[in-house]
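Colleague: I should like to go through this model with you, one topic at a time. Please have a look at it first.

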Amino acid sequence: MEMAADTGWTFYAPYSVKTGTNVTVAVLAAFVLGFSSILTGVNFIVTIHQMRAPGMDWMKMPLFPWALYATAWIQVLATPVVGITLLMIVAERTLGIGLFDPALGGDPVLYQHLFWIYSHPAVYIMVLPAMGLISETLPVFVKKSIFGYKVIVYSSLAIAFIGYFVWGHHMFTSGMSGPARIIFSILTFLVSIPSAIKVFNWVSTLYKGSIDIKTPLLYALAFIFLFTIGGLTGLVVGALATDIHVHDTYFVVGHFHYVMFGGTGFAFFGAIHFYYPKIWGRMYNEKMANIAFTILFIGFNLVYFPMLVLGMMGMPRRYYDYLPEFTLPNQISTIGSWVLAIGLILMIANLIRGRKGPKTSSNPWGSVTLDWTHTQSPPTLYNFEKTPEIERGPYDYTNFEEYVNKHLQS
Amino acid sequence: MSEDHSTHIVDYKFNILIWIDLLIFTFITIEIAQFDFQTLTVVIALVVATIKSYLVATYFMHLKFENKFLQAIVIGVGLLFFAVLFILFTDYFYL
Amino acid sequence: MSTHAVSHDDVIHFDPYGKKLGMWIFLFTEVLLFGGLFFVYATYRYLNHDAFHEGSGELDVVIGAINTVFLLTSSLTVALSITALQKGDTRRSVNLIIITILFAGAFMMNKYYEWTLKYEHGLFPGMDHYNELSAGEAQSFNLYFLMTGLHGIHVIIGAILLLIIAYHIKKGNVTKDRYVYLENGGLYWHLVDVIWIYLFPLFYLII
């Protein structure tokens, strides 16, 4: 009887080869999905190279397209490796070509290598655009340029580059050689540096700024806090000795939810609020949005912080049951999930209702970037009435009121 | 911001000369394969293959006449491949 | 609020470099796709050196060499077809593309012949001779079929692509002044050639 694939998202050999469930279909679906990633990557690289407005040099480009540029290169260069790896699984299942079968001289750990050569860069595909959104959002609500624009550019590229060489940190307990483990651990610590640099730059951007507490800023601040916790816990898993203790425990689950949900997720929620008036030409209810944010933030930490504790206590991941001593943190986490759910529902409901909200001008936040100054809200077909002229750097807030009003579309 | 299309034309004769070079290197690689240089055998085979690929890329694929960025990323991807291979091998070399 | 749309011409522009850049980036994805298989090859050959040597002995160097010459020559003809088009000689350009496709066909026929030989010797995964192979030698054949198979699929795709381009040259859509489509087809074809340049010594010439 055919059933849904029961291998887990990593499709580790040999189980993924041997199991009778629908792994082939699932894996081929992932393969097709990979194509969408690759084609997007090609598209974005060429677009960013060739279609910038006249006068927008590379170092005048806003940080969100820079983030997308770095991401696009990862999409292009990493995805094909998992593509061919998945095809190898299909070949082994359907044609009997035992590439990862030890009886035929194959090595299941090689599958893990090939899988993670993509899947680690994949997390940077997820987080780099989110970081770009934070760089984009902060200057608007402190009315001040981003601190260290060039450094953020180079850090983004560095994350993309170094991120290729750290995949083995998902395999510390798989039986890799000692030297391999050491090398991957060192490289993993190295890749944390540009991320940390960005966090310092974001915080410095706030310093002496004219802070305007609006919902997008709240999410951006939450991002910085939650991503930092995620990043610090990443050091625990990245160090060989401590990883022995926490690998395959709930500590890992806590770690990646802090970076992925607390990081990327919150950045996207913030960006949805930020770009809301641009997309709909209307404003959501600010008070409700902030209440939802607060509940969401509390709920998130209630869910995931206990997981860090549970992992340290030794609770394994991917078991259907747990020992009695793990009960309390699990209960806190569950209650936290209800709080989180309420926050999410409130946020989404508020955003849906906001479509009937008060109409806004084309630039209600007073941003100086082209997307806000030179397009209407919502934008017309082709976005720009005519090709914009680049008058200033992307986050130049000197005399911004004059500049914003001069270009107010309506 | 489109750049001008490179109008450099590689004439027929030059293409044919490159092709002859490629055939010569193919012959070399087959002949060399008869000798056993232990671990060096693979290295030699790869070096010759890389020379042939360099000729195809530089002249047939027109890289020599393209801009620096394109040349840089081609080399970059090649280096990336070898870097990943090298790091992958740290697992198997020290079994 | 005026919603006058900017004309479409303001948005679409002639950008042959952009098209070429896009093609090169796509070629990188192909390099990494085959690269994954080369990673496996490198690992297993390193771990099973003698077995791979045994496996190589089953392959016919002459056929492999002929196929190499076919592909190298086809790379020449497609490069010449670009030269011809740049000089305005569309008839010659199309003819050279047809010759390229014929070489591709000859390559595939050789491949078919080789694979049939293996099949007749029971050397396909699941067949008796294959089942008797030692562990490492089995891997060498797994990789042989996968890598030359995937490469063969790309030869076919490349040939079809070139055929379509030849059609467009004939129709006058690809011309002396707008020939990036042919260039890109050529780039794809050269990549197929380069992959074989590595496959040939790594499978046929192992000592």
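Colleague: In what order do the elements of chain B run from the N terminus on?

Modeller: This is a predicted model. In it, the elements of chain B run α-α-α from the N terminus on. The secondary structure comes to three helices and zero strands.

Colleague: Is chain B spread out or compact, judged by its radius of gyration?

Modeller: Chain B is more spread out than a compact globule, because its radius of gyration is 18 Å, well over the 12 Å that the globule rule gives for 95 residues. Along its principal axes, the C-alpha trace of chain B spans about 55 × 35 × 10 Å.

Colleague: What percentage of the residues in chain B is buried?

Modeller: Buried residues make up 26% of the 95 residues in chain B.

Colleague: And which domains is chain B divided into?

Modeller: Chain B has domain 1, residues 10-61, and domain 2, residues 66-95. The C-alpha centres of these domains of chain B lie 20 Å apart.

Colleague: Let us turn to the contact between chain B and chain C. How many residues does it take from each?

Modeller: The contact takes 31 residues from chain B and 39 residues from chain C. On the chain B side, helix 1 (12-32), helix 2 (39-60) and helix 3 (68-93) each supply at least two residues. Helix 1 of chain B gives the most, with nine residues.

Colleague: How do the residues on that side of chain B divide by class?

Modeller: The side of chain B that touches chain C has 20 nonpolar, seven polar and four charged residues.

Colleague: What about chain A: how many of its residues are in contact with chain C?

Modeller: In chain A, 31 residues are in contact with 32 residues of chain C. The elements of chain A that give two or more residues to this side are helix 2 (23-50), helix 3 (63-94) and helix 4 (108-142). Helix 3 of chain A gives the most, with eight residues. By class, this side of chain A has 19 nonpolar, ten polar and two charged residues.

Colleague: Which domains is chain A divided into?

Modeller: Chain A has domain 1, residues 1-212, and domain 2, residues 361-410. Their centres, taken over C-alpha atoms, are separated by 33 Å. Contact between the domains of chain A involves 14 residues of domain 1 and 13 residues of domain 2. On the domain 1 side, the residues divide into nine nonpolar, two polar and three charged.

Colleague: Now to helix 4 of chain C. Which of its residues are buried?

Modeller: The buried residues of helix 4 of chain C are Ser93(C), Val94(C), Leu96(C), Ile97(C), Thr100(C), Ile101(C), Phe103(C), Ala104(C) and Phe107(C). They pack against helix 3 (61-86), helix 6 (135-171) and helix 7 (180-204) of chain C.

Colleague: Why does the span of helix 4 of chain C agree with its 31 residues?

Modeller: At 1.5 Å a residue, the 31 residues of helix 4 of chain C, 90-120, should span 45 Å, and the end C-alpha atoms are 45 Å apart, so the values agree. This helix is followed by Gly122(C), whose phi is positive, near 70 degrees.

Colleague: And what span should the 37 residues of helix 6 of chain C have?

Modeller: Helix 6 of chain C should span 54 Å at 1.5 Å a residue, and its end C-alpha atoms are 54 Å apart, which agrees. Gly172(C) follows helix 6 of chain C, with a positive phi near 90 degrees.

Technical notes
Residues are numbered from 1 along each chain as its sequence is written. Chains are lettered from A and ligands numbered from 1 in the order in which they are written. This is a predicted model: local features need pLDDT of at least 70, side-chain atom pairs count only at pLDDT 80 or more; totals for chains, interfaces and linings use all residues. Two residues are in contact if their C-beta atoms, placed from the backbone, lie within 7 Å. Helices (H or I, at least four residues) and strands (E, at least two) are DSSP runs, numbered from the N terminus. Ala, Val, Leu, Ile, Met, Phe, Trp, Tyr, Cys and Pro count as nonpolar, Asp, Glu, Lys and Arg as charged, and the others, Gly among them, as polar. The expected span of a helix is 1.5 Å times one less than its number of residues. A residue is buried if 20 or more other C-beta atoms lie within 10 Å of its own, exposed if 12 or fewer, and partly exposed in between; C-beta atoms are placed from the backbone. The radius of gyration is taken over C-alpha atoms; the globule rule is 2.2 Å times the number of residues to the power 0.38. Domain bounds come from an automatic or database domain assignment.
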